[in-house]
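This briefing sets out selected features of the structure shown below, grouped by topic.

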Amino acid sequence: MALIECKNVSLGYEHHVVATGINFTAESGDFLCIVGENGSGKSTLVKAILGLKETYSGHLHLGDGLKKKQIGYLPQQTTAQRDFPASVAEVVLSGCLPSKTGVFYSRALRKRAEDNMEKLDILPLKNRCYRELSGGQQQRVLLARALCATEKLLLLDEPVTGLDPLVTAEFYSLISKINRSLGITVLMVSHDLSACLALGTHILHMQNGSAFFGTVEAYRQSDLYRQFTEGGSHG
Amino acid sequence: MGELLNFFVSHSFMLRALLVGVLISLCCALLGVSLVLKRFSMIGDGLSHVGFGALAIACAANVAPLYFSIPIVVLAAFLLLAMNEKGALKGDAAIALISTGALAVGVMVTSMTTGMNVDIYNYMFGSILAMSRGDVVLSVLLSVAVIVLFCVFYEEIFAVTFDESFAKATGTRVKAYNFLIAMLTAVTIVVGMRMMGALLISSLIIFPTVTSMRVCKSFRRVVGMSVLVSVVCFVLGLVVSVKLEAPTGASVVCVNIAFLAVFALLGAVLNLPQRSKLFRFRRVLAVLLVLLLLCGAALPFFGGIDIHEAKKLSVVTTSFAPFDFARAVCGDDAEVTMLLSPGEESHTFEPTPGDLLQLEQCDVFVYGGGESDAWADDILSSLDTSKKQIVRMMDVVELQEEQSLEGMQEEEEEEEPYDEHVWTSVFNAQKITAAVCDAVCAADSDHAASFRARAADYTAQMQALDDAFFALAKKKQGQSFIVGDRFPFQYFMTRYGFSFYAAFPGCSAESDANPHTVGFLIDKAKAQQTPVIFKVDLSTGAVANTIAAASGSRVETLYSCHVISAEDFANGETYVTLMQRNLAALDA
């Protein structure tokens with residue numbers, strides 16, 4: 001059964017429909033990239049998947065025993081976070097919040113946070129202050145937090161905004177590694193079409209209410225892709 | 001140090017202030033961490049203004065201030081959050097609207113009812129005497145609630161503070177936590193603002209977190225350090241206010257400023273870049289700074305409280321007139337103190353802890369008993385007064401209700417119907433001098449003879465003045481004097497039969513005359529071709545100047561003797577010499 005199944009969904013905010021007829025499925029292990037111009041409803045779709053927004057119509061279903069709380073979400077950074085006095089360990093641990101049962105984090109959850117820091121090579125930064133890290137390191141910390149929250153699905157919202165090209169490439173390879181070696185499904189919203197084509201297995205292109213969904217290969221053959229790249233504004 | 005401790009222990013109001021203050025500081029620090037880091041610090045400021053408005057309305061409507069303002073401020077907190085959430089108005093604009101709006105409503109309600117009285121002034125700048133037993137109970141309950149909630153939901157609060165979107169996505173009830181924090185903040189602010197002042201309470205929320213952020217690198221440490229800094233700053237501020245005889249709220253904020261400065265330096269030193277020349281010395285510098293902070297913090301505890309050892313009889317008076325009478329009667333045989341400093345405004349006077357200590361240790365206390373020293377009655381009721389001689393001037397003379405003169409700007413709902421400026425009639429001044437003389441004689445019978453001799457001498461000088469005023473009133477019969485100011489001379493006017501027009505009643509702190517009143521006085525001045533418009537001492541004379549300019553007259557000063565300017569005080573002016581000035585000014 002598919003991890004996410006989205007059938008003929010329409011979305012909007014403040015009584016204003018921004019996208020209709022969205023159809024896609026994400027199977028376990030997929031790397032699905034969501035592209036499209038600003039205002040095409042990408043962020044609204046992310047919110048709908050997270051359960052923070054109702055769909056107007058259609059059917060959005062999480063399968064495979066995936067619960068909304070168990071999505072590893074990597075939101076866009078806010079300005080307030082940039083000078084937030086928190087240690088790396090505290091931030092990563094807060095990803096375990098949905099699994100917490102008592103007042104404090106259990107030993108097992110602390111171990112999970114530690115393991116994820118190890119996976120992302122940030123264990124040596126454990127006691128460093130979040131605000132003193134570089135942009136790339138901060139993004140790794142937030143990724144480790146997202147991993148703490150999930151075993152199945154990562155949802156990344158414009159994850160490389162503000163990173164320099166070298167750090168961006170590193171970050172992409174990290175996500176790719178997580179996707180392949182840990183078998184975690186990745187949904188990534190991005191403006192970086194070339195990265196999406198290189199990394200992704202599937203593409204969801206949202207535009208003016210209509211949408212394309214298919215494999216990367218199929219997308220390369222589509223009219224939408226041609227228009228999009230020939231338009232010259234993206235890609 | 002021992003004396004200081006004793007002072008706190010022996011005064012229930014100081015203990016209450018200490019307890020409530022420590023608990024409120026603790027709550028403010030905990031809530032502040034979340035508010036500051038979420039960029040919501042201005043909520044604290046906005047809510048304190050709403051609190052002021054609510055207290056002003058409660059005061060006007062004569063309902064219990066706490067039970068009225070807590071729901072209002074909680075409601076405002078919810079409104080602010082909801083507006084922020086909906087995005088209908090962005091946070092800072094919404095807060096500015098609500099806070100200035102509430103302040104304006106508070107001032108309107110106040111000016112239409114009681115006038116800017118002592119209570120309202122206290123709400124703005126705080127009063128250490130404001131803490132009742134009910135407040136103690138409320139603040140204990142409140143702080144227990146805040147601490148328990150903070151401990152139980154610590155991880156959730158961290159998650160919500162650090163990243164709302166992520167917390168929401170992982171199923172944390174972000175809205176509920178935001179409302180919880182806003183509600184607790186609202187209650188904390190209402191309880192704390194009457195001690196710290198509406199204009200200063202939000203500093204308790206903001207300073208400790210900002211200070212801790214300079215040096216602490218994890219959330220847990222910021223929380224711990226904020227609580228520590230907040231409580232330490234409050235206790236130090238309270239001690240400093242006792243020592244320097246300064247208002248408590250402002251002292252606490254100043255201590256917070258000092259802490260912030262030292263912590264900022266400390267943060268800079270600890271984060272020195274490696275290539276800096278000072279890098280090698282950063283540990284030494286840090287240790288030096290911490291030592292400096294500790295020494296600075298210990299400083300207020302040394303040296304005891306600066307109170308004259310009472311070898312002589314100690315007489316404490318509130319304002320200038322009773323001070324002058326006591327000074328004349330006592331000569332060198334007693335230490336006479338005036339609580340109101342020369343040049344200080346009488347109607348908004350608020351006793352400092354040091355003043356209260358003097359009051360407690362004195363042998364004789366002379367005060368008015370009217371609106372501007374209403375605090376004295378409260379304090380006296382909590383003190384052991386069996387060994388004290390107390391003269392309440394309004395008990396000594398025949399009281400007159402404060403009358404409204406023709407054309408005077410009305411003040412509705414006067415709390416205290418009697419005019420408190422009883423000494424403006426020289427006859428009353430003689431009576432009060434006699435009463436003060438009786439009191440000091442009773443307190444110190446060894447010097448009774450010299451007390452009586454001096455009192456007789458001074459009342460004789462007053463008698464001459466009294467006769468002179470009667471003669472003047474006869475001469476000026478049918479003529480009206482115009483006072484473009486407050487009018488504290490009612491007893492004076494009635495005693496001698498003068499006729500006056502004036503802008504405001506005696507105790508009014510109102511300085512904004514309405515155009516109608518000013519117009520009336522200008523018409524009177526023109527019709528009578530009055531050569532002189534009077535203002536009252538220590539007033540800016542804005543209204544008198546306006547009238548004088550419009551009617552082509554000059555401005556002269558009348559002395560109420562309630563307060564005295566620093567200059568006149570230094571020159572040794574007395575009640576009699578100031579009243580002689582009045583005589584000359586009126587005779588012109």
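Predicted model: local features only at pLDDT ≥ 70, side-chain atom pairs only at ≥ 80, totals over all residues.

Not counting residues up to four places away in sequence, G53(B) touches A102(B), L103(B), V105(B) and G106(B).

**G53(B) and its surroundings**

- G53(B) is part of helix α3 of chain B, which covers residues 41–61.
- G53(B) counts as buried because it has 28 C-beta neighbours inside 10 Å, the threshold being 20 or more.
- M108(B) is 55 residues from G53(B) in sequence, yet the two C-alpha atoms are 9.4 Å apart in space.

**Packing of α2(B) against α10(B)**

- In chain B, the axes of helix α2 (residues 12–37) and helix α10 (residues 174–196) come within 10 Å of each other and cross at roughly 145°.
- This crossing of α2(B) and α10(B) is left-handed.
- On the α2(B) side, the residues that meet α10(B) are A17(B), V20(B), G21(B), I24(B), C27(B), C28(B), L31(B), S34(B) and L35(B).
- Their counterparts in α10(B) are I181(B), L184(B), T185(B), T188(B), V191(B), G192(B) and M195(B).
- Sorted by class, the contact between α2(B) and α10(B) comprises 11 nonpolar and five polar residues, with no charged residues.

**L184(B), a residue of α10(B)**

- L184(B) lies in helix α10 of chain B and takes part in the contact with α2(B).
- L184(B) is buried, because 22 other C-beta atoms lie within 10 Å.
- Leaving aside neighbours within four places in sequence, L184(B) is in contact with L31(B), A145(B) and V146(B).
- A77(B) is 107 residues away from L184(B) in sequence, while their C-alpha atoms are 9.6 Å apart in space.

**The largest nonpolar core**

- The largest nonpolar core has 250 residues, and those touching the most other members are L155(A), V73(B), V315(B), V329(B), V436(B) and V440(B).
- Helix α2(B) gives the most to this core, with 15 residues.
- With neighbours within four places in sequence left aside, the contacts of V315(B) are A326(B), C330(B), A334(B), E335(B), V336(B), C362(B), D363(B), V364(B), V366(B) and V440(B).
- In soluble globular proteins, nonpolar side chains tend to be buried together.

**Overall build of chain B**

- Chain B has 25 helices and eight strands.
- The C-alpha trace of chain B spans about 90 × 55 × 50 Å along its principal axes.
- Chain B is divided into domain 1 (2–301), domain 2 (313–463) and domain 3 (476–587).
- Between domain 1 and domain 3 of chain B, the C-alpha centres lie 44 Å apart.
- Of the 588 residues in chain B, 50% count as buried.
- Among contacts in chain B with a separation of 6 or more, 71% are between residues 24 or more positions apart.

**The contact between chain A and chain B**

- Chain A contributes 23 residues to the contact and chain B contributes 24 residues.
- Within chain A, β5 (71–74), α2 (79–82) and α3 (88–93) each supply at least two residues of the side that touches chain B.
- This side of chain A divides into 16 nonpolar, three polar and four charged residues.

- E158(A) has a positive phi near 45° and is a residue other than glycine.
- E158(A) is located in the loop between β6 (153–157) and α6 (165–181) of chain A.
- E158(A) is partly exposed, because 18 other C-beta atoms lie within 10 Å.
- Q529(B), also not a glycine, has a positive phi of about 50°.
- Q529(B) lies in the loop that runs between α22 (515–528) and β7 (532–536) of chain B.
- Q529(B) is exposed, because 9 other C-beta atoms lie within 10 Å and the limit for this class is 12 or fewer.

**G296(B), a glycine in α14(B)**

- G296(B) lies in helix α14 of chain B, residues 282–298.
- G296(B) counts as partly exposed because it has 14 C-beta neighbours inside 10 Å.

Notes: Residues numbered from 1 in each chain as written. Chains lettered and ligands numbered in written order. Axes fitted to C-alpha atoms, helices over the stretch in contact; angles between N-to-C directions. Helix = DSSP H or I, 4+ residues; strand = E, 2+ residues; numbered from the N terminus. Left-handed = near helix turned anticlockwise from the far one by under 90°. Contact = placed C-beta atoms within 7 Å. Nonpolar A, V, L, I, M, F, W, Y, C, P; charged D, E, K, R; others polar. Domains from an automatic or database assignment. Core = buried A, V, L, I, M, F, W, Y, C linked by C-beta atoms within 7 Å.
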